[in-house]
Amino acid sequence: MRREKDLLGEARVPYDAYFGVQTQRARDNFDLSGVPLNHFPQLVNALALVKLACAKANQTLGLLDDGKAEAIEQAVQLILDGQYHDQFVVDMIQGGAGTSTNMNANEVIANVGLEQLGYAKGEYSHLHPNNHVNMSQSTNDAYPTAVRLAILLKHGELVQALASLRDTFAAKGEEFAEILKMGRTQLQDAVPMTLGQEFQSYATTLGEDIDRIAGLSELLKEINLGGTAIGTGINTDPEYAKLAVCHLSELSGFEFKRASDLVEASSDMGAFVLFSGMLKRLAVKLSKIANDLRMLSMGPRCGLNEINLPPQQPGSSIMPGKINPVIPEAVNQVAYQVIGNDMAVTMAAEAGQLQLNAMEPLIAYNVLESIRMLTQAMHMLKNRCVRGITANTERCQELVDQSIGIITAVVPYIGYENSSRIAKTALETGRGVLELIREEQLMSEEALGEILQPSNMIRPQRRRG
């Protein structure tokens, strides 16, 4: 162990640790979620990039000498290369509005930088976590900026997974384009459609969210870097904020802009609320699709059984031969968790008081976790379910032939009253709708055959007088 000092006095830190005393205190205080910062590599990298951008701004202004700035840059580059992530150990959920996270980054970068300079860990007179790595910053501007950057770094994976799942559903839509089946409303027979139309609708609804997610991510590019404690910019050079934002844009590849009102931006969590709400919307859609897949495949002998889901594992410890729709079930559960995460984000965003929102760690944790879980769920659904779905064509046709819902196709020709009477008789007697129409000679065989062509029942048709 080695000893380090802070405001509260001395504390022992593991000798080989690159974090310091404030990180150690946070480890002791916050054993809550069991999820450390390094669970989200993008957050670790985002923290490092923010620190480097600030160091470059301070170096340009002559506030940080070249040797210290270069040591910080070397440390950050090592972190971006994947080293030292295991030193970001603070629990994602923490008190202090992210101070523990910010100090974890400051201490690791300082100690890695000290080694680059040829000094031992903890010799902070040569490179200090607060005086040098945190120069011109507060947790209240560095941490929110890093969280926004982490989401931007992560959300591309989400969009890619979403686009890939959409394309897989669209491919199934083409594969099933000629398979006629019954559509259903309120779980009751409605009118015919194709299985391809059903699967294409899943592709369409998912595709709608690609641009919306990308659009909402633009809101995260407005940052309060340079505002320090409450947005007034205390302890910074007048040119610092502009320089820091410019350097962060160059380093990250995202075009950040400084908020026009840094005081407002230091306390407002509105961008996170909107983005989390978008993640919830996607979760709701995925859950609805998962429900449909489970229902369409139910059986195999005593249910709809219109499609087959690829079997992934035995479904019962007592019922031989049973296979459960485990992949859609898992997607459902991810969706419920994301919906719950969104509620937590909403409550945390509302809980800010005056010039700061101290609940931002919970917001960061839930948004990043929702992105991670949705991304994984969509990969799983695509690879372990949708790709392997097959159609039971004969079963789909059998249900169409048996359905009373097919009467809707002839309403324009025999009228609503006749159609209602035929449907009622068919329901009461078990006889077929077409059989009854033919028996009463309500339509010619030729006209009936034309109307009942599959191609004429699944899209608008011009009526002949």
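**View 1. The largest pocket has a volume of about 430 Å³.** Of its 22 lining residues, Ser 297, Pro 300, Ile 323, Asn 324 and Pro 325 sit closest to the centre. This is a predicted model, so keep that in mind as you go through the views. Sorted by class, the lining comes out as 12 nonpolar, 7 polar and 3 charged residues. Two elements, β7 (307-308) and α11 (326-350), each put at least two residues into the lining. The top contributor is α11, with 3 residues.

**View 2. Helix α11 and what its buried residues pack against.** Which residues of α11 are buried? They are Ile 327, Pro 328, Val 331, Asn 332, Val 334, Ala 335, Val 338, Asn 341, Asp 342, Val 345, Ala 348 and Ala 349. An α-helix has 3.6 residues a turn, so residues three or four places apart point the same way. The packing partners of the buried set are α10 (270-296) and α12 (360-384).

**View 3. Leu 152, a buried residue in helix α6.** The helix itself covers residues 139-175. With 3% relative accessibility, Leu 152 falls under the 20% cut-off, so it counts as buried. What does Leu 152 touch, leaving aside neighbours within four places in sequence? The contacts are Ser 217, Leu 220, Lys 221, Phe 254 and Phe 256. For a distance to check, take Ala 53: its C-alpha atom is separated by 17 Å from that of Leu 152, and the two residues are 99 residues apart along the chain.

**View 4. The β1 and β2 hairpin, with 2 residues joining the strands.** Strands β1 (residues 2-6) and β2 (residues 9-13) run antiparallel and are held together by 5 bridges. Look across from Lys 5 and you'll find Glu 10 in β2. On β1, Arg 2, Glu 4 and Asp 6 make up the covered face, while Arg 3 and Lys 5 are on the uncovered one.

**View 5. The β3 and β4 hairpin, and a positive phi at Gln 186.** Strand β3 takes in residues 180-185 and β4 residues 188-194; the pair runs antiparallel, with 5 bridges between them. Opposite Arg 184 stands Asp 189 in β4. There are 2 residues between the strands, and the phi of Gln 186 in this hairpin is near 55°.

Conventions
Residues numbered from 1 in each chain as written. Predicted model: local features only at pLDDT ≥ 70, side-chain atom pairs only at ≥ 80, totals over all residues. Heavy atoms only, no water. 1 Å grid on protein atoms, 1.4 Å probe; cavity = no way out; pocket = protein on both sides within 12 Å on 5 of 7 lines; lining within 4 Å. Points joined across faces, edges and corners; volume = space filled by probe spheres on them. Helix = DSSP H or I, 4+ residues; strand = E, 2+ residues; numbered from the N terminus. Nonpolar A, V, L, I, M, F, W, Y, C, P; charged D, E, K, R; others polar. Pairing = 2+ DSSP bridges. Buried < 20%, exposed > 50% of the residue type's maximum accessible area, 1.4 Å probe, protein only. Contact = heavy atoms within 4.5 Å.
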